[in-house]
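Work through the following exercises with the model open beside the text, and try each task before reading its solution.

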Amino acid sequence: MNDVVHVRDLVKTYGGVPAVDGIGFDVAIGETFGLLGANGAGKTTTLECLLGVSRPDAGSVTILGLDPRTRRKELFQRVGVQFQEARYQDKITVDELCRATRALYREADDPAKLLARFSLTEVRKQAVESLSGGQRQRLFVVLALIPRPEVVFLDELTTGLDVKARRDVWNLLDEMRQQGMTIVLTSHFMDEVEALCDRVIILRKGRIVFEGTVAEAVASGPFASFEDAYLAYAEPAEHAESVE
């Protein structure tokens, strides 16, 4: 399989303390890949290095064969990003934000169609700041998809969404994956990871402690569920205390 994301020996330290400590992984074209770990495990730092926001101290990263630090403008046209926390102009409406985002790209999807798919048409004239948390989260996914990205990075995808909205978003992303889009996501919802991810890595203290499929994680120990496996890998001390 062709690799869309290629990471080797990635190291990033802050104040002499490694946030990411020599990790490496690949993400194949059309794959949905989960980047998992407890808070402070190194997920955000890894994403920042992948997207060229932060310069690694050592190692290499390529996305679509390009270095995100030196070819950032070129990659910008081919990659979508949704962060859990996003900044936007004060008082800007949903429609204005979508049109401003579309103008940044040479090729872009129709925002009106995406807003309809994510059940946001009725709020397109509202100020972004007036939206509920769930509506805002769906809007940020729409913004990530406007450039028709070949690969999209999704950070805590469905935080704040109700059960139906989460399922609807899952179904839409599954459709996009079937059409060839590559998805890299972080999530604290293990049912979401099980539903969407072809493979995952689990980080602990900046290192990869598991890489493989959900089924392989469950089969790797005496685990009744993927959540049990995740806790054992990501937070072993806390997990051990909980089962004593």
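**Exercise 1.** How do the residues of the lining of the largest pocket divide into nonpolar, polar and charged?

Solution. The model is a predicted one, in which local features need pLDDT of at least 70 and side-chain atom pairs count only at pLDDT 80 or more, while totals for chains, interfaces and linings use all residues. Residues are numbered from 1 along each chain as its sequence is written, and side-chain values use heavy atoms, with hydrogens and water left out.

Begin with the term: on a 1 Å grid over the protein atoms alone, a pocket is an open set of points with protein on both sides within 12 Å along at least five of seven lines, and lining residues have an atom within 4 Å of a point. The largest pocket is lined by 26 residues, and Phe76, Val81, Gln82, Phe83 and Tyr105 are those nearest its centre. By class, the lining comprises 20 nonpolar, 3 polar and 3 charged residues, where Gly counts as polar.

**Exercise 2.** Determine which element gives the most to the lining of the largest pocket.

Solution. Helices (H or I, at least four residues) and strands (E, at least two) are DSSP runs, numbered from the N terminus. At least two lining residues come from each of α2 (72-76), β5 (79-82), α3 (94-102) and α5 (133-145). Of the elements, β5 gives the most, with 4 residues.

**Exercise 3.** Which helix gives the most to the lining of the second largest pocket, and why is that helix described as largely enclosed?

Solution. The second largest pocket is lined by 18 residues, with Lys43, Thr44, Leu47, Phe83 and Asp155 nearest its centre. Helix α1 (residues 43-50) gives the most to this lining, with 5 residues. Because 6 of the 8 residues of α1 are buried (under 20% relative accessible area, with a 1.4 Å probe and protein chains only), the helix is largely enclosed by the rest of the structure. The buried residues are Lys43, Thr45, Thr46, Leu47, Cys49 and Leu50. After α1 comes Gly52, whose phi is positive, near 80°.

**Exercise 4.** In what order do the strands of the open sheet lie?

Solution. Two strands pair if DSSP finds at least two bridges between them. On that basis 6 strands form an open sheet of mixed pairing, in the order β5-β6-β7-β3-β8-β9. Its edge strands are β5 and β9 (207-212), each of which pairs on one side only. Within the sheet, β3 (residues 32-37) and β7 (residues 182-186) run parallel and are joined by 3 bridges, and Gly34 stands opposite Leu185 in β7.

Key. On a 1 Å grid over the protein atoms alone, a cavity is a set of points where a 1.4 Å probe fits but cannot get out, and a pocket is an open set with protein on both sides within 12 Å along at least five of seven lines; lining residues have an atom within 4 Å of a point. Buried means under 20% relative accessible area, exposed over 50%, partly exposed in between (1.4 Å probe, protein chains only).
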